[in-house]
There are 2 protein chains.
Amino acid sequence: MSKYTITEIAQLCGTSPATVSRVLNNPELVADPLRERIAQKVKELGYKPNPFASRLSSKSRWGLALFVFDILNPFFALIVRRISHLAMEQGIPLTICDTENNPEKEKIYLDYLLDNKIGGIIFAEGISIPIIERAKKHTKTVLIDRYIEDDSISEVSSDNYNGGKQAAEYLIQLNHRRIGFIGGPKNWNSSDDRLAGYRDALEAHGIPFSPELVFQGDLRFESGIAAIEYFLALPDWPTAIFSANDQMAFGALTKARSLNISIPEDISIIGFDNIPFYSLFNTKLTTVQQNIPELCENAFYLLMDNIQRGAEKEEKQKKIVIPTQLKIGDTCRKLIGPLHDGKR
Amino acid sequence: MSKYTITEIAQLCGTSPATVSRVLNNPELVADPLRERIAQKVKELGYKPNPFASRLSSKSRWGLALFVFDILNPFFALIVRRISHLAMEQGIPLTICDTENNPEKEKIYLDYLLDNKIGGIIFAEGISIPIIERAKKHTKTVLIDRYIEDDSISEVSSDNYNGGKQAAEYLIQLNHRRIGFIGGPKNWNSSDDRLAGYRDALEAHGIPFSPELVFQGDLRFESGIAAIEYFLALPDWPTAIFSANDQMAFGALTKARSLNISIPEDISIIGFDNIPFYSLFNTKLTTVQQNIPELCENAFYLLMDNIQRGAEKEEKQKKIVIPTQLKIGDTCRKLIGPLHDGKR
DNA sequence: TCCTGTATTGAAAGCGTTTTCATATAGGGA
DNA sequence: TCCCTATATGAAAACGCTTTCAATACAGGA
């Protein structure tokens, strides 16, 4: 809403528009007395360059986008919130693309963004690979909580493998031996890695891995319900369950309780994410915390850096891994005396 | 990503850029054989005008924004999802502003948007009045699920008054007489109206209104917990509770159950919104449905219409009201025999 | 003293549209 | 036949900025 043009500012300062532009974009190019005077005037009048004119003349791309596949999932909502905040801080427009797990929508969004010469895109877990590959060809990209076999893509994710290990080891330390796992959809490597960590932890303690204890969910609440139903139908119940996210853990917890199964007395449950929402009750969910702010900030700045550096398309990109942290709540108990394992 | 400029298209068609521009924006101005030829070429080459150049030369405003105060709240997340979808359909960029209930952020977002000559803003319930008033001065606005005393603002909201009435009458019909109400923050008129409907329904049935049965929450889950604690501390428990949104209803429900209070045996609960998430369990929340798609579509098209018509600032604006619908689930029961009312 | 290089600034040429204004053509009325 | 009015198109001027290029000034080196 600036009511001035750069030319007017220039006139008021007795200089040329070029110089004002320089003060705004490359201050080091203009000598001090003038620079100060112009900066002062700009501030005083609240002048802001017309963004359309800027983007027209500088051929640079502009703006960022964030793809999430389900904005109703609190984990992604938190990411949206955080990234929005960062973008706003830098005065960068951000387009939120909630694809509803629909490849059609992914495509429409991407087409639109490329038409608008988007400066960069952040993809959260759950967006399909072809879309990401296509985006990568035309603009800068970064993946958050997701990685694919491609050295030329920047990625920031939690240390899912060790997170899974942490969860499993905690349960093992509490004397659990029969530990169920609720995973995410196939090919979601963050979930696969948590599973790998869980598996390696078991084996490190001489506990054989049983495939029947792995339930494949889809990260949504409903999956947790389905999972607990599955586990309770087994001849031998697990004594503990590790869920690849809090949402499913919470679904399992709630469903179990509604069936009069006590948590953690009958079954211990541990989640992954540490979504504040799930710790509102008397019982706090035990979980492995993902450092969402850290994930978001790294992804954001990594992307910004690539944009500003004008990184090469095929340049080898950074893969940043953020550590996780075990958060002990009230949903796991220590098994004592003769090991309880199986149906009561 | 269009690789062509309007001039190139013009050359390929043996005409001038002006004519191509006209075909794109005011087709009726160009005669048929030429128009067809140009349209054909545009389609064939997938030409799209450079949006920055367009917006630079046409002084028109562009793009929409949506303010919500808490994107983690599923009601608002659903609104975000729906409005995003509509905007995308029309190829209109949408900026999501999650203000986190923070006036500072509201201001930063609005400043930014006005600088960028935003075409219109949709405000969901929960954004502060001064911000809305300021926005209204500079751009087109519409309120969703919110209204204020100002004829010159467009509004779309649910029929909260009758929704509240529906809920209360349903409970009364089930023989409840002592009905608690969990409201939203002060001055949120959607909540106030639900309360008014509740109150009028009571009085219509000769049930006196008791202020002690009204608990003021903040629409968040935690409030539901606080509310049930409050009600259970009363010497006379309510036999039923009407919550101004599902989130608080769910909080109350969950907390009650964790205290071994049965729902609906001991206390009936009815919510407001009908968020799908809360119906995932064995027990389906009884609730008053808000027609979110309808709310969003009305808001969106009302805004678009105002923009396209170039509505006058002080013109009297439409106030659209969307009916609600009672959705019976499993959280209310009929009191029978000697009326149960009060502590057991 | 003259030359070269560097730092600072301004003039002007775009950037890709839209839009105004002018021109040309065709048709209609006198 | 001539003039006038619509209608259809093109030329060119914005839109407000960035950026290249040229100009100037000044310092240091030979």
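Colleague: By class, how many nonpolar, polar and charged residues has the surface near DNA strand D?

Modeller: In this predicted model, 27 residues lie around DNA strand D, and Thr5(A), Ile6(A), Ala18(A), Ser21(A) and Ser57(A) come nearest. By class, the surface near DNA strand D is made up of 14 nonpolar, 12 polar and 1 charged residues.

Colleague: Which helix gives the most to the surface near DNA strand D?

Modeller: Among the elements that give two or more residues to this surface are helix 1 and helix 4 of chain A, and helix 2 and helix 4 of chain B. The greatest contribution, 6 residues, comes from helix 2 of chain A.

Colleague: Which element of chain A gives the largest share of the side that touches chain B?

Modeller: The contact between the chains takes 39 residues from chain A and 39 residues from chain B. On the side of chain A, the elements giving two or more residues include helix 4, strand 2, helix 10 and helix 11. The largest share, 6 residues, belongs to helix 5 of chain A.

Colleague: Are helix 10 of chain A and helix 11 of chain A roughly parallel, roughly perpendicular or oblique to each other?

Modeller: Two packed helices are described by the angle between their axes and the distance between the axes. For helix 10 of chain A and helix 11 of chain A, the angle is about 50° and the axes are 6 Å apart. Angles under 35 degrees count as roughly parallel and 65 to 115 as roughly perpendicular. Helix 10 of chain A and helix 11 of chain A are therefore oblique.

Colleague: Is the crossing of helix 10 of chain A and helix 11 of chain A left-handed or right-handed?

Modeller: The residues in contact include Phe221(A) of helix 10 and Met248(A) of helix 11. The crossing of these two helices of chain A is right-handed.

Methods: Residues numbered from 1 in each chain as written. Chains lettered and ligands numbered in written order. Predicted model: local features only at pLDDT ≥ 70, side-chain atom pairs only at ≥ 80, totals over all residues. Contact = placed C-beta atoms within 7 Å. Helix = DSSP H or I, 4+ residues; strand = E, 2+ residues; numbered from the N terminus. Near = placed C-beta within 6 Å. Nonpolar A, V, L, I, M, F, W, Y, C, P; charged D, E, K, R; others polar. Axes fitted to C-alpha atoms, helices over the stretch in contact; angles between N-to-C directions. Parallel < 35°, antiparallel > 145°, perpendicular 65-115°, else oblique. Left-handed = near helix turned anticlockwise from the far one by under 90°.
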